[in-house]
Amino acid sequence: PKHLPHREKEIGMLRELFEDFLEKPGKTYQRIIQVFGPVGSGKTCSVFRFGSRYEDEANKYEIPLKFVHISCKLEAENRFVLYQTLLEKVAPEIATRGVSASEMLRQLIKYLRSRKKFLLLALDDVDYIVRKSKEKEESGLIYDLTRLNEMFLGEYQRVVGVIFISRDPSFTELLEPSERSSLGNVIIK
């Protein structure tokens, strides 16, 4: 729905966290946000409503921002599929399966830079993909997405932020220390 009467406070908090980007597009650093809450508490619809509004607002200022929401349970069973899905949603003309997961991520960042576009990414049910990755002894997804700003050190990035949505924070216990530290402490419950 367009209006979420019991989640406007949380949507407002998200808006405040990203406010300076609209004032200084291309001159802010990536934000990493964690959104936690039990099933049915409005996590997904709140983040989706915020992201849609934020994209609309940016476009009113002629800022080329794209909000992308990915359900890890429905659209991404592993890191490779997640990056493929992300590339297809942001840059379908360059999406390919013939490269590694890391190269797909690199292609995405290069695409955003060359076209002077911005991305706000929301990963829903991130705990699902983290648990699946651990079962297969894979890791790196959280690290990759929280360290995008290191691809071009010293430059502002084209990924405005990454919002991780999960039922509870216990999935972070499965992460390596470097991944856990890169998540930061910006949490909305």
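I began with a definition: a helix axis is a line fitted to C-alpha atoms over the stretch in contact, and angles between N-to-C directions run from 0 to 180 degrees. I noted that the model is a predicted one.

I looked up helix H5 (residues 79-90) and helix H6 (residues 101-115). I recorded that their axes come within 9 Å and cross at roughly 20 degrees.

**Entry: the contact between them**

Which residues of H5 meet H6? I listed Arg79, Phe80, Tyr83, Gln84, Leu86, Leu87 and Val90 on the H5 side. On the H6 side I found Ala101, Ser102, Met104, Leu105, Gln107, Leu108, Tyr111 and Leu112. I then sorted the residues of this contact into 11 nonpolar, three polar and one charged.

**Entry: the sheet**

I turned next to the strands and found an open sheet of five, in the order E2-E3-E4-E1-E5, with parallel pairing. Which strands lie at the edges? I identified them as E2 (65-71) and E5 (187-188), each of which pairs on one side only. I followed helix H5 back to the sheet and saw that H5 packs on it, touching E2 and E3. The direction of H5 makes about 145 degrees with that of E2.

I examined strand E3 (residues 118-124) and strand E4 (residues 159-166), which pair in the parallel sense over five bridges. As an example, I noted that Leu120 has Gly161 in E4 as its bridge partner.

Conventions:
Residues numbered from 1 in each chain as written. Predicted model: local features only at pLDDT ≥ 70, side-chain atom pairs only at ≥ 80, totals over all residues. Heavy atoms only, no water. Pairing = 2+ DSSP bridges. Helix = DSSP H or I, 4+ residues; strand = E, 2+ residues; numbered from the N terminus. Contact = heavy atoms within 4.5 Å. Nonpolar A, V, L, I, M, F, W, Y, C, P; charged D, E, K, R; others polar.
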